[in-house]
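Colleague: I'd like to go through this one with you and ask where the labels come from. Can you put it up?

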Amino acid sequence: MTVQELVNALKLTVLSGKDGLNREIEGCYVSDLLSDVMGNAEINNVWVTLQTHKNVMAIASLKELACVILVKGQSASEETLAQSNEEGIPFLSTTMQTFETAGKIYDLLK
Amino acid sequence: MHLEYTVVEGDFVNAGTASSSVKKALKQLNVSPQVVKRVVVALYEAEVNAIAHAYGGKVLVDIDSDKIKMVVADKGPGIPDIALAMQEGYSTARPEVRDMGFGAGMGLPNMQKNVDKLNVSSEVGVGTTVEMVVNFV
């Protein structure tokens with residue numbers, strides 16, 4: 001499944017990083033602790049989080065994640081979104097909270 | 001190859017600059033992706049620790065044909081009990097740092113898990129030096 005297909009399936013808002021919408025998704029990691037994601041997320045994972053600051057993008061880039069989904073309708077700073085555009089790692093937003101978001105992604109990827 | 005970076009106190013916006021640059025260098029040298037992954041996790045955690053806890057420091061990286069050596073040396077409060085600091089879940093991070101999702105007490109354990117050699121030396125009131133080696137084979 002590509003990031004674009006996930007966007008369509010969950011009606012996500014694309015905040016930035018459109019160049020990365022064709023990225024292939026392999027799994028998902030859900031956490032708001034950055035060291036947890038750093039230590040345990042895998043390449044091409046979707047990352048579901050409520051953290052929105054610039055370090056989220058740094059970790060997404062270092063770990064080569066497929067995309068980041070911000071829950072509860074949150075957006076990220078201009079600076080973060082600019083870096084997401086530069087690196088082609090999409091930042092997506094949903095009005096759903098983490099539990100629903102993760103559940104739906106689990107259904108799609110299982 | 002020798003690389004050097006400066007870490008500034010509280011400069012979270014630039015956390016990961018050294019890790020990102022070292023990652024690029026290793027990829028150019030065709031180091032295996034598994035090794036690059038481990039280096040990136042360990043160095044990122046060390047960078048964040050220096051930013052969160054110290055008053056600034058240096059990252060010194062030496063890449064040889066068979067290994068990478070990384071030294072993160074800071075001027076800072078130091079670590080009174082290194083064994084305690086190594087324990088998963090133990091953290092002295094400030095509340096605002098924890099609110100960002102850091103300070104879960106996973107930094108030093110993440111370093112330990114991803115490197116072949118880890119040496120932490122510290123003097124209270126002076127600073128901390130973290131030395132890490134990752135072998136390429």
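Modeller: This is a predicted model, and what follows is a run through the reasoning behind some of its labels.

Colleague: Let's start with the helices. Why are α1(B) and α2(B) called roughly antiparallel?

Modeller: It comes down to the angle. The axes of α1 (residues 17-28) and α2 (residues 33-53) of chain B cross at roughly 160°. Anything over 145 degrees counts as roughly antiparallel, so that is the label for α1(B) and α2(B). Their axes come within 9 Å, and α1(B) passes α2(B) in a right-handed crossing.

Colleague: Which residues make that contact?

Modeller: On the α1(B) side, B:Ala18, B:Ser19, B:Val22, B:Lys23, B:Leu26 and B:Lys27. Across from them on α2(B) sit B:Val36, B:Val39, B:Val40, B:Leu43, B:Tyr44 and B:Glu47. By class, the contact has eight nonpolar, one polar and three charged residues.

Colleague: And what makes up the contact between the two chains?

Modeller: Chain B puts in 19 residues and chain A 14. On the chain B side, the elements giving two or more residues are α1, α2 and α5 (107-114). The largest share, four residues, comes from α2(B). That side of chain B divides into ten nonpolar, six polar and three charged residues.

Colleague: Now chain A. How do you know that A:Pro90 is buried?

Modeller: By counting neighbours. A residue is buried if 20 or more other C-beta atoms lie within 10 Å of its own. A:Pro90 has 29, so it is buried. Its place is the loop between α4 (78-87) and β5 (91-93) of chain A.

Colleague: What is A:Pro90 in contact with, leaving aside neighbours within four places in sequence?

Modeller: Among others, A:Val3, A:Val14, A:Gly20, A:Leu21, A:Cys67 and A:Ser84. As for A:Leu62, it is 28 residues from A:Pro90 in sequence and 14 Å away in space, C-alpha to C-alpha.

Colleague: Which residues touch the most other members of the largest nonpolar core?

Modeller: That core has 64 residues, and the ones touching the most other members are A:Val46, A:Cys67, A:Val68, A:Ile69, B:Val39 and B:Leu43. α2(B) gives the most to the core, with twelve residues. In soluble globular proteins, nonpolar side chains tend to be buried together.

Terms used. Residues are numbered from 1 along each chain as its sequence is written. Chains are lettered from A and ligands numbered from 1 in the order in which they are written. This is a predicted model: local features need pLDDT of at least 70, side-chain atom pairs count only at pLDDT 80 or more; totals for chains, interfaces and linings use all residues. Axes are lines fitted to C-alpha atoms, for helices over the stretch in contact, and angles run from 0 to 180 degrees between N-to-C directions. Angles under 35 degrees count as roughly parallel, over 145 as roughly antiparallel, 65 to 115 as roughly perpendicular and the rest as oblique. A crossing is left-handed if the near helix is turned anticlockwise from the far one by less than a right angle, and right-handed if clockwise. Two residues are in contact if their C-beta atoms, placed from the backbone, lie within 7 Å. Ala, Val, Leu, Ile, Met, Phe, Trp, Tyr, Cys and Pro count as nonpolar, Asp, Glu, Lys and Arg as charged, and the others, Gly among them, as polar. A nonpolar core is a set of buried Ala, Val, Leu, Ile, Met, Phe, Trp, Tyr and Cys residues joined through C-beta atoms within 7 Å. A residue is buried if 20 or more other C-beta atoms lie within 10 Å of its own, exposed if 12 or fewer, and partly exposed in between; C-beta atoms are placed from the backbone.
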